[in-house]
Amino acid sequence: MANYKLKDLRGPQRRNFLRLMAAAGAGFALERSRLLNFIADEGGTALAAEACGETNRHVGIVSGGGNFCLWQLMWPLPDVAAAKNAAFAYDAIDQGFMTNYVDETSYFKSGAADRPFYYGPDSPFVDQASQTVIRPMSAYLVADTAVHHRKPLRQITIDGALPGNTNNSGDGIVGNSVTLFAAIGALQRTTTSILPSIGVAPASIGSAPGAPTLSVVPSADSMVDLFNSAASKAILLAQEDKSMFETYYKAILGLREAAGRPTWARELDIAKKASNLIGRNLAAQLMPTTADLAFYGATEVQDMAASMFFGGQNGKDRLLNLAKALIITKKAFSLGLTNQVIIGVIAETGGGIFTDPHETFAQIAGARNVIKYYGMFLDRFYQDLANSPDPACTAKNLDKTVITTVHGDHPHDPLTRPAWPDSTPGGANWIYVMGNGYLPAGWHGHPKTNNTALGIDPTTGLSTDYNGTKSVHAASAAILYAIANGDMKKVTEFYKGDAITALVNKV
């Protein structure tokens with residue numbers, strides 16, 4: 001029989017209760033289906049139904065400090081790869097494959113359409129043997145470059161003036177600017193979680209109305225301790241509402257019984273002991289296992305000499321940090337503990353040539369190893385996600401509800417190898433997105449081998465002059481559309497520019 005006090009929960013009480021139960025369910029290692037059944041029994045099916053979220057989840061990989069250029073070895077500009085020019089900044093000539101290219105007109109078509117994209121030999125989400133794309137990638141021109149910033153926001157601004165982001169000048173937040181990652185966090189608050197947005201330093205979320213505070217940790221390993229602390233705080237929230245304390249307490253005890261764990265004494269102080277137990281359980285569930293490390297390829301990296309990676313030990317350490325962050329992110333997503341994780345690829349300070357890889361083509365073998373594992377980690381991450389239902393909507397596995405972006409402060413010159421200069425065609429920058437079908441594949445905007453760039457009209461899909469501010473606003477809106485499950489009304493809460501009908505797939 002439903003508990004009438006739970007059945008009548010509304011607003012913040014309802015959200016706090018669901019957040020509490022999600023944390024407790026994780027602590028008891030209770031399967032999601034059993035948790036939903038219990039909530040439905042206690043509070044009615046309407047309460048349990050809120051478990052189907054209105055938004056997708058997000059992983060933002062941030063290659064600041066200049067490191068973003070390495071991703072061109074993974075996903076080169078289509079014209080650069082097709083040119084097969086040994087002077088251009090793409091070494092894997094005749095490797096990989098192009099999609100959606102017929103001729104020069106392929107970049108600009110009326111309306112929403114798949115456009116050219118080039119997948120290098122180490123690209124994730126493809127079958128290289130059959131040249132089949134499993135999860136299509138998109139790329140959007142965004143704001144002009146900002147050199148050497150480790151937490152770039154200029155390239156993910158959805159409304160307002162663009163942050164300067166020069167010479168690592170703080171977070172670069174400007175006036176009333178609204179940033180994509182902050183807007184994502186604001187929309188995702190309809191899906192309950194312990195910590196809505198997590199950052200693995202260096203990471204910044206920027207600002208937006210209703211955005212959560214970014215919880216930043218210094219490394220992937222620190223994510224586990226952060227969740228433990230947050231789990232304790234989630235339990236302690238129950239004390240803030242004295243009228244609901246007894247109801248929450250009884251619900252927790254009922255959940256213990258549903259989980260089949262009678263050894264937890266009823267007389268334990270819920271405010272202390274439950275949070276401690278949940279913390280220990282979360283640590284056990286979030287920590288990368290030996291099997292996880294082997295599956296993602298991290299064990300291979302650990303066993304290789306540092307000299308085999310571009311950047312030496314620093315490059316190797318940062319690769320391992322990325323792998324562990326993705327492993328823990330998957331586990332946290334599957335437990336409903338967070339909705340967004342922003343992962344800084346480089347170190348927060350220092351990092352030498354790995355942070356700013358001007359010498360890439362003088363050490364191309366090591367750089368290729370970095371790209372190989374970048375691609376492997378992402379590929380295995382989505383394979384791992386495919387094995388777990390999304391706790392916010394058990395009808396879908398996580399691989400269908402996680403959107404991934406990769407951006408940075410500066411991609412370097414795709415037309416020049418020696419000392420890989422900081423300039424770009426037309427002064428443009430870009431962002432890569434795995435949009436899970438919400439976004440047309442390929443390049444939206446066209447950086448060209450004559451060192452110019454054409455923008456894309458977000459409404460018509462046809463070419464226009466490149467404008468950094470308009471480009472980044474529209475591109476960020478398209479990505480937010482993917483996060484919002486194709487709900488344009490949610491996008492327009494933050495985006496005030498022209499219609500983006502040519503940049504998204506209609507849902």
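Colleague: Which residues does Thr 404 touch, not counting residues up to four places away in sequence?

Modeller: This is a predicted model, and a contact here means heavy atoms within 4.5 Å. Leaving out residues up to four places away in sequence, Thr 404 touches Val 59, Ile 61, Leu 378, Phe 381, Tyr 382, Tyr 432, Val 433 and Met 434.

Colleague: Is Thr 404 buried or exposed?

Modeller: Thr 404 is in strand β14, residues 402-408. Buried means under 20% relative accessible area. The relative accessible area of Thr 404 is 5%, so Thr 404 is buried.

Colleague: How long is the polar contact that joins the side chains of Thr 404 and Tyr 382?

Modeller: Tyr 382 is among the residues that Thr 404 touches. A polar contact needs a pair of N or O atoms within 3.5 Å. The side chains of Thr 404 and Tyr 382 are joined by one of 2.8 Å.

Colleague: In the open sheet of three strands, which are the edge strands?

Modeller: The order is β17-β18-β19, with antiparallel pairing. An edge strand pairs on one side only, which holds for β17 (446-447) and β19 (463-465).

Colleague: What is the bridge partner of Pro 447 in β18?

Modeller: β17 pairs with β18, residues 453-456, in the antiparallel sense over two bridges. For Pro 447, the partner in β18 is Ala 453.

Notes: Residues numbered from 1 in each chain as written. Predicted model: local features only at pLDDT ≥ 70, side-chain atom pairs only at ≥ 80, totals over all residues. Heavy atoms only, no water. Helix = DSSP H or I, 4+ residues; strand = E, 2+ residues; numbered from the N terminus. Buried < 20%, exposed > 50% of the residue type's maximum accessible area, 1.4 Å probe, protein only. Polar contact = N/O pair within 3.5 Å; in protein donor to acceptor, adjacent residues only side chain to side chain. Pairing = 2+ DSSP bridges.
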